[in-house]
Amino acid sequence: MRDRLDVENVLREFRPVAPRPALRARIASTATNRNVTGHTDQEGSVMKHHMIAGGGGTQLHVVETGNPSGRPILFIHGISQCWLTWSRQLNSELRDRYRLVAMDIRGHGLSEKPRDAYGDSKLWADDIDAVVHALNLDRPVLCGWSYGPLVILDYVRHYGENHLGGIAFVDGITKLGSEEAISVLTPEFLSLVPGLFSTDVEESTRSLGSLLRLCVVQEPAAEDLYLMLGYNLSVPPAVRKALLSRSFDNDDLLPTLQKPVLIVHGERDPVVKSSVVDQHKASLPHAEVAMIPNAAHAPFWDDAPGFNARLRTFCERLELQAVS
Amino acid sequence: MTERAVEPHDIVVSLYDRYGASLYRYALMLLTDHAAAEDAVHEVFTSILRSGVTARLEADERYLRRAIRNECFSMLKQRAKRRQMQGDPDAILERIASADSRPDERLGLERGIRLLTPEQRETVHLHVFEGLTFNEIAAISGASLNTVAARYRYALAKLRNLFEGVRSGYARQTRR
């Protein structure tokens, strides 16, 4: 009895550690950004928002919805965008069957924007690894748009592909910083690059507006366009510059990929030329290719039902392969 | 003078200021992991915002405690499927105020606490750190009074065994 009291008394000299002030800031920030949650709630889906420590401790904002026991699909957006890019997937019938997760990559959306942490491939890889493990994503399909495949391949380079179910490249690029890398980008896009790096608000807004118009075949509704422009402008020009200043390729890595790969490309993409599909297919003979007619750089927006059907078929095939 | 309507943002921040530290400590004792405890508290406050029931929650500590408990046990289920954490865990206890501070005590207690079951940790936390009676703990955890008392007894026995081992090791070191 005396010993028991001893332990109790020792315990009473302690207390659990108090929360960091950052937690209050995080909750206050979520409360302030309540409209983001409200936007998706209006569509009738429940969105869970997470903050996850990625590479170097950078806080990453990640959203998930859909069927918690379904195969996870992790969506990775392109340069200057955010998770809202995928709203036509997150609010689609895909959510009945799959666990849909969309992250704001470092420097974008509600994720932290460190000054100088964009040039190291390992940091990008750590970001994906952190999301996969923090949310316990079991053999996810990584679906990357435009710049997204570069991030996916950063992950595969450092962590391998064992934890993945499959990979989807959407109008994606896999190299940067060389003549060969530039050769798959259109002159229309390249002409916008100086404006994307500009700190002049008018020039930056003009260039981002033009980039958004290159992404879609039809002019978006004003409400959509201003939402897109808003989250594009929330990305500091220095972040866009840092992302596009990386110089590397994945020519050594692509032929080693064993997991199923889906390559989706808008037939009318005015940003990334369709010749990139041939290049990728040459390195990935087992990849499925889906050219989406009447779609520009963002086929998941221009033809969301068509894109979602392709993605669903790809995922169903993964299930069949797993069973067999 | 115009009165400003109370925004959900203000209610949530005020709720956090009132109960956040206590809820966090509860989550930390259940999960024994700072990042996970932060996620649990964040998730509960986010769900309050989503549900839009902030107004009636203003003084409902019981609701918040139950929500934290549900979230933590759900996370513990998920964690069982995940890979093990690597590296030394961060401290989960701090000394309140005492000049007679021995470094082995905190480590010994923490090691013991991590070895308890979540239900035992919960009972120790609510009884020792929050000052709740076994009856009140039974109401929170949905267990019988006997079960709660047994959890507490077993938890203390486990802690005592570990703690005595650490103390005798420390005594040997200081005699040298």
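**Exercise 1.** What is the order of the 8 strands in the open sheet of chain A, and which pairing does the sheet have?

*Solution.* In this predicted model, the strands of the open sheet follow the order β2-β3-β5-β4-β6-β7-β8-β9 (chain A), and their pairing is mixed. The next step is to find the edges, which are β2 (48-53) and β9 (288-292) of chain A, since each pairs on one side only. From one strand to the next, the twist averages 20°. Within the sheet, β3 (residues 59-66) and β5 (residues 99-103) of chain A run antiparallel and are joined by 5 bridges, with Met103(A) in β5(A) as the bridge partner of Val62(A).

**Exercise 2.** Determine where the buried residues of α12(A) lie around the helix axis.

*Solution.* Begin with the residues of helix α12 (residues 237-244) of chain A that are buried, namely Pro237(A), Val239(A), Arg240(A) and Leu243(A). Because they cover an arc of only 160° around the axis, they lie on the same side of α12(A). The elements that cover these buried residues include α9 (187-197) and α10 (201-215) of chain A.

**Exercise 3.** Describe the contact between chains A and B, starting from the residues that each supplies.

*Solution.* Chain B gives 40 residues to the contact and chain A gives 31 residues. On the side of chain B that touches chain A, the largest share, 11 residues, comes from α1(B), and by class this side holds 22 nonpolar, 6 polar and 12 charged residues. Finally, consider the strands: β1 (residues 14-16) of chain A and β1(B) run antiparallel and are joined by 3 bridges, with Pro16(A) opposite Leu93(B).

Methods
Residues numbered from 1 in each chain as written. Chains lettered and ligands numbered in written order. Predicted model: local features only at pLDDT ≥ 70, side-chain atom pairs only at ≥ 80, totals over all residues. Contact = placed C-beta atoms within 7 Å. Helix = DSSP H or I, 4+ residues; strand = E, 2+ residues; numbered from the N terminus. Nonpolar A, V, L, I, M, F, W, Y, C, P; charged D, E, K, R; others polar. Pairing = 2+ DSSP bridges. Buried ≥ 20, exposed ≤ 12 C-beta atoms within 10 Å, placed from the backbone. Arc of directions from axis to C-beta. Axes fitted to C-alpha atoms, helices over the stretch in contact; angles between N-to-C directions.
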